[in-house]
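Subject: Structure handover

Hi,

Here is the structure I promised to pass on. Have a look at it first, and then read on for what turned up.

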Amino acid sequence: LHAHRQNEELYIFVKGHGQFIVDGEVLEIREGTVLRVAPNGARAWRNTSKEDLFYIVVQAKAATLANGTITDGFEVPGPPQWNRE
């Protein structure tokens with residue numbers, strides 16, 4: 001088990017299956033599972049299959065996206081210039 005002082009984590013499971021525990025709650029995880037864990041959440045994961053368990057973890061200071069909204073995006077003029085094959 002581990003937790004963080006300031007950083008939250010986003011786990012993206014891309015292959016395999018297993019279990020994830022956070023604050024005593026056990027969740028089944030598999031390809032396509034996405035979990036966000038608050039800094040103080042006591043967490044761990046394990047592989048429960050014979051294949052490898054692959055995941056991506058993104059860590060960021062908690063609440064840093066509080067001011068992020070969809071209004072931040074804007075359209076860029078013109079069509080995309082795709083490479084021709």
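A quick word on confidence: pLDDT is the predictor's confidence in each residue, on a scale from 0 to 100. You are looking at a predicted model, and its mean pLDDT is 92, with 93% of the residues at 70 or more.

Now the inside. The largest nonpolar core is made of eight residues: Tyr11, Phe13, Phe20, Val22, Ile29, Leu35, Val37 and Leu53. At least two residues of this core come from each of β1, β2 (17–22) and β4 (34–37). Beyond its neighbours within four places in sequence, Leu53 is in contact with Phe13, Lys15, Gly16, His17, Ile29, Trp45, Arg46 and Asn47. In soluble globular proteins, nonpolar side chains tend to be buried together.

Leu10, Val14, Val34, Phe54, Ile56 and Val58 form a nonpolar surface patch of about 470 Å². Both β1 (7–15) and β6 (54–61) supply at least two residues of the patch, and β6 gives the largest share, three residues. Ile56 lies in strand β6.

Happy browsing, and best wishes

Note on methods. Residues are numbered from 1 along each chain as its sequence is written. This is a predicted model: local features need pLDDT of at least 70, side-chain atom pairs count only at pLDDT 80 or more; totals for chains, interfaces and linings use all residues. Side-chain values use heavy atoms; hydrogens and water are left out. Patches are made of residues with over 30% relative accessible area and no salt bridge: like charges are joined within 9 Å, nonpolar side chains (Val, Leu, Ile, Met, Phe, Trp, Tyr) within 5 Å. Accessible areas come from the Shrake-Rupley method with a 1.4 Å probe; for residues, only the protein chains shown count as cover. A salt bridge is a side-chain nitrogen of Lys or Arg within 4 Å of a carboxyl oxygen of Asp or Glu. Helices (H or I, at least four residues) and strands (E, at least two) are DSSP runs, numbered from the N terminus. A nonpolar core is a set of buried Ala, Val, Leu, Ile, Met, Phe, Trp, Tyr and Cys residues joined through side-chain atoms within 4.5 Å. Buried means under 20% relative accessible area, exposed over 50%, partly exposed in between (1.4 Å probe, protein chains only). Contact means heavy atoms within 4.5 Å.
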